[in-house]
Structures are given as structure tokens and as C-alpha cells.
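Here are some exercises to work through with the model open beside you. Try each task before you read its solution.

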Amino acid sequence: MALIDPNKLIILDRDGVINEDSDQYVKSLEEWIPIKGSIEAIADLSKAGYTLCVVTNQSGLARNYFDESTLHAMHKKLTNLVSEKGGIIHTIEYCPHGPDDNCECRKPLPGMFKKIAETFELSDLSGSYTIGDSARDLVAGCELNSQPVLVKTGKGLKTLSATNHPENTLIFDDLNAFAKHLLSSHSLKN
Ligand SMILES: [Mg+2]
Ligand SMILES: [Zn+2]
């Protein structure tokens, strides 16, 4: 039996969706800066009964640009900011590997999404939403039938012009615009 309603599950990429992205990697707590409205969006969705999970590639660990304690400090900042607004992030999954490590978790591979599905005892992620600014986020979610949502923050505009995102992708200006739309219409899926 599923532990949650998959229609109320939202899986978020981190860099470029929740916080400002950097081509030089987000390496320190000081460099972890929320995108305007993203914390409120997460809190609002949480308070409306959605379960929010974060899945993020963090190859900066493999590249020794920062260490796990710094990453955990960034994630504590994130969860604290969300809880100050009355919301909860259920899970943060990260891939610590580099592109040559042949792991199964680095997006576009779906390893972290499979783990989320297992966590909630779901056979796949049908009904859920996967929000990303890169095609690889959306491709990974699609492997488990999650609805892809592209935001124009971070690398989003670049992704949009590259047109390599899945065909059924929904597009929003940012996470806050997605949240507002979802909370007003209750369903974005056809
Ligand atoms: Mg990203
Ligand atoms: Zn990995």
C-alpha cells in the first residue's frame, strides 16, 4: 500500500529551482541563496498537504569543491527557512558522484527517483510532479512517469531554447508561479 497519495508528491531539483545556480558550483553556505519566492512556494505547498522531496546532483563533492558537512549546512538552512514559513521538506536526496563514477543516482539516471518511490511504497511516480531547470531532471523523473515541469530560473531558459526536455513538459516562470497555479487549479495534468 502506498504511504502517500502520489498526486500530492512534488520532487524538486535544488540548484536553479530553489536557490540561485552558479556555473562555478554552489560551494558554501554564503553562496546558497534562495530564489525569490521559492521558500514561500515550498511552504505553501506543504501546508496544502503536498509532500516535497528534493533530489539534487552534487558532483561538487566528488570534485572536492566542498565537503558533506557544508552540504548538510546548506540543507539545514533550506529546511530551517521552510519551517520558519510553516512548511516541511520530507526528504533531500543527493548524488555525491561525478560523471565518471558510473553511479545509478546521477540525473538523468533515475536512481534517486526510484528511492523516493520506494520510500513511499509506490510502484512508480505516476501522478507526481518533477520540477527542474535542466532536461536531465525531467528525463529522470519521466523514467518513473512523474509529470515534468520546467522552470525558467537557473538554467531553465537555456533548457527551453535547447528544446531537449520531454514533450509533455509544463513550463512556468519559477517555482512560485508553479505553486500558485497548482494551488489555484488543484490539478495541472490532463
Ligand atoms: Mg538545476
Ligand atoms: Zn550518484
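Donors are N, O and S atoms within 2.8 Å of the metal (3.2 Å for Na, K and Ca), and water is not among the atoms, so sites may look incomplete. This is a predicted model, where local features need pLDDT of at least 70 and side-chain atom pairs pLDDT 80 or more, while totals for chains, interfaces and linings use all residues. Residues are numbered from 1 along each chain as its sequence is written, chains are lettered from A and ligands numbered from 1 in the order in which they are written, and side-chain values use heavy atoms, with hydrogens and water left out.

**Exercise 1. Find which residues coordinate the magnesium ion (ligand 1), and their spacing along the chain.**

Step 1: Start at the ion. Asp13 (OD), Asp15 (O) and Asp133 (OD) coordinate the magnesium ion (ligand 1) at 2.1 to 2.2 Å.

Step 2: Go along the chain. The donors of this magnesium ion are spaced as D-x1-D-x117-D.

Step 3: Asp13 sits in the loop between β1 and α1, and Asp133 in the loop between β4 and α4, 120 residues apart, so the pair links distant parts of the chain. Helices (H or I, at least four residues) and strands (E, at least two) are DSSP runs, numbered from the N terminus.

Step 4: Check burial. Buried means under 20% relative accessible area, exposed over 50%, and partly exposed in between (1.4 Å probe, protein chains only). Asp13 is buried because its relative accessibility is 7%, and Asp133 is buried because its value is 1%.

**Exercise 2. Work out which strands β1 and β2 pair with.**

Step 1: Recall that two strands pair if DSSP finds at least two bridges between them.

Step 2: Take β1. Four bridges join β1 to β2, in parallel, and three bridges join β1 to β4, also in parallel. In β2, Ile11 has Cys53 as its bridge partner and Leu12 has Val54; in β4, Ile10 has Tyr129.

Step 3: Move on to β2. Five bridges join β2 to β3, and these two run parallel. Here Val54 stands opposite Ile92 in β3.

Step 4: Look at the side chains. From β1 (residues 9–12), Leu9 and Ile11 point one way and Ile10 and Leu12 the other, and all are buried. As for β2, seven of its seven residues are buried.

**Exercise 3. Which residues lie nearest the centre of the largest pocket?**

Step 1: Define it. On a 1 Å grid over the protein atoms alone, a cavity is a set of points where a 1.4 Å probe fits but cannot get out, and a pocket is an open set with protein on both sides within 12 Å along at least five of seven lines; lining residues have an atom within 4 Å of a point.

Step 2: Count the lining. The largest pocket has 20 lining residues, with Asp15, Asp21, Asn57, Arg136 and Lys155 nearest its centre. The elements giving two or more residues to this lining are β2 (51–57) and α4 (135–142).
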